[in-house]
Amino acid sequence: MIFIALGTNLGAKSDNLIRACFLLEKIGIIKQRSSVFLTRPWGGIEQPDYFNCVLAFETLLSPEDLLTHLKEIEAAIGRETGERWGPRKMDIDILIYNDKVLNSPNLTIPHPFLTSRDFYLKPLLEIAPDLIDPRDNTRLEEALQKLNEEGKTTILKKVEIAPWTS
Amino acid sequence: MDQLNYIAVEGVIGVGKTTLARLLAAELGSKLVEEKFEENPFLVDFYKDPTHYALSTQIFFLMSRYRQLQSLWNVDLFNSKVVADYIFEKDKLYAFINLDDRELKLYEDIENNLRQKLPHPTLVIYLQAATEVIMERISRRGREYEHYISVDYIEQLSEAYNYFFFNYTRGPLLVVNTNEIDYSKSHDDFKNLIAIISEPLTGVQYYTPKPELF
């Protein structure tokens, strides 16, 4: 199974997620979706909070071709900016591609930050709790536990019912 | 209840739910359940003064929706098909926007109790569209009370729907991108939709009828 992460922090965030799904279903099949998590932005730059989630995805595209299409989808959603509606933003990352381990100049699989970002691991483990890191055959569950123990967490909460409720 | 073919069409006000529900009911020979919408005596006041009239408007809708869907149990469950232009949960989406915390607690208590007594749709079709597209459709159909709807309200509602259906797992769901299509005008688009829902669907499918370039 392929797992990809969606992240968006500008514009109508739920609309961005659904637009991404419409476009993704043109290049494959979405098998499962995780819950959506509200997440503090990563990297210390001042910007709005993110919606993050993970999809289980099936496609016949190779990792490189998939990446190319994901970049196009990101660009397509980012482009949809009318004056009234403000900027949009969508990040799409390949986290896991079956049990492939790949290190090319353009693409690293599994995602290089897979085990250091709880906003990847938490939703990923929600839909695939027993997932193994193909690089060293460790359980990804352990990586998330480690982040939690070290306090390296960015997730504020799982978003419930409506995006603005607390 | 499994044998009852019960399709529900959902989407933000103005997106084209009722149009599609009517077409589907005619095509499939189904009983049509339309939301009794214009009969809410609080609605015009609500659009003018939301804070004051929110709870009465919500409870009125909740009970009206409940009674209508409750009547589905009287349909011949094994031989009939039903198409509805709403799902019961929609009421809660509006409640979260419109009510304050105390009102919401009361409302949720009632809603929970009622929901458990209703049949579940065997397929939900969520008609999705960008907020700007929805605004244009609303202004085009020109219902009197809808003139009071603000862009911000539709924007918020639209996000609530998107969010709700992005997380919807209660049964098969077809999300249709309607930015480029109007089922009342294009019979081909409608035929394509019928073909899609004729196939068994599990989980969620995101469907864009027109090829959108990206």
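What follows is a chat in questions and answers about a predicted model.

Biologist: Let's start with the sheet in chain B. What is the order of the strands in the open sheet of 6 strands?

Modeller: Start from the edges, which are β2 and β6 of chain B, since each pairs on one side only. The pairing throughout this open sheet is parallel, and the twist averages 15° from one strand to the next. Reading across the 6 strands of chain B, the order is β2-β3-β1-β4-β5-β6.

Biologist: Which residue of β3(B) is the bridge partner of Tyr6(B)?

Modeller: Strand β1 of chain B covers residues 5–10, and strand β3 of chain B covers residues 81–84. The two run parallel and are joined by 4 bridges. In β3(B), the partner of Tyr6(B) is Val82(B).

Biologist: Now a helix. At which residue does α3(B) bend?

Modeller: Helix α3 of chain B takes in residues 50–70, so 21 residues in total. From first C-alpha to last it reaches 28 Å, close to the 30 Å expected at 1.5 Å a residue. There is still a bend of about 25°, and it sits at Ser56(B).

Biologist: What covers the buried residues of α3(B)?

Modeller: First, who is buried: Ala54(B), Leu55(B), Thr57(B), Gln58(B), Phe61(B), Leu62(B), Arg65(B) and Leu69(B) in α3(B). A handy rule here is that an α-helix has 3.6 residues a turn, so residues three or four places apart point the same way. The cover over the buried residues of α3(B) includes α2 (43–48), α4 and α5 (101–115) of chain B.

Biologist: Which element gives the most to the side of chain B that touches chain A?

Modeller: The contact takes 21 residues from chain B and 22 residues from chain A. On the chain B side, the elements that give two or more residues are α4, α6, α7, β5 and β6 of chain B. By class, that side has 10 nonpolar, 8 polar and 3 charged residues. With 7 residues, the element that gives the most is α7(B).

Biologist: Moving to chain A, is Asn98(A) buried or exposed?

Modeller: Asn98(A) lies in the loop between β5 (89–97) and β6 (102–103) of chain A. Its phi is positive, about 45°, although Asn98(A) is not a glycine. Because Asn98(A) has 10 C-beta neighbours inside 10 Å, and 12 or fewer is the cut-off, Asn98(A) counts as exposed.

Biologist: What about phi of Asn137(A), what value is it near?

Modeller: Asn137(A) is in the loop between α3 and α4 (140–150) of chain A. Asn137(A) is exposed, with 8 other C-beta atoms within 10 Å. Phi is positive in this residue other than glycine, near 60°.

Biologist: Last one: is the peptide bond from Ile109(A) to Pro110(A) cis or trans?

Modeller: Pro110(A) is placed in the loop between β7 (108–109) and α3 (118–127) of chain A. With omega near -5°, the peptide bond from Ile109(A) to Pro110(A) is cis.

Terms used:
Residues numbered from 1 in each chain as written. Chains lettered and ligands numbered in written order. Predicted model: local features only at pLDDT ≥ 70, side-chain atom pairs only at ≥ 80, totals over all residues. Buried ≥ 20, exposed ≤ 12 C-beta atoms within 10 Å, placed from the backbone. Contact = placed C-beta atoms within 7 Å. Nonpolar A, V, L, I, M, F, W, Y, C, P; charged D, E, K, R; others polar. Pairing = 2+ DSSP bridges. Expected span 1.5 Å × (residues − 1). Bend = angle between axes of the 7 residues up to and from the residue. Axes fitted to C-alpha atoms, helices over the stretch in contact; angles between N-to-C directions.
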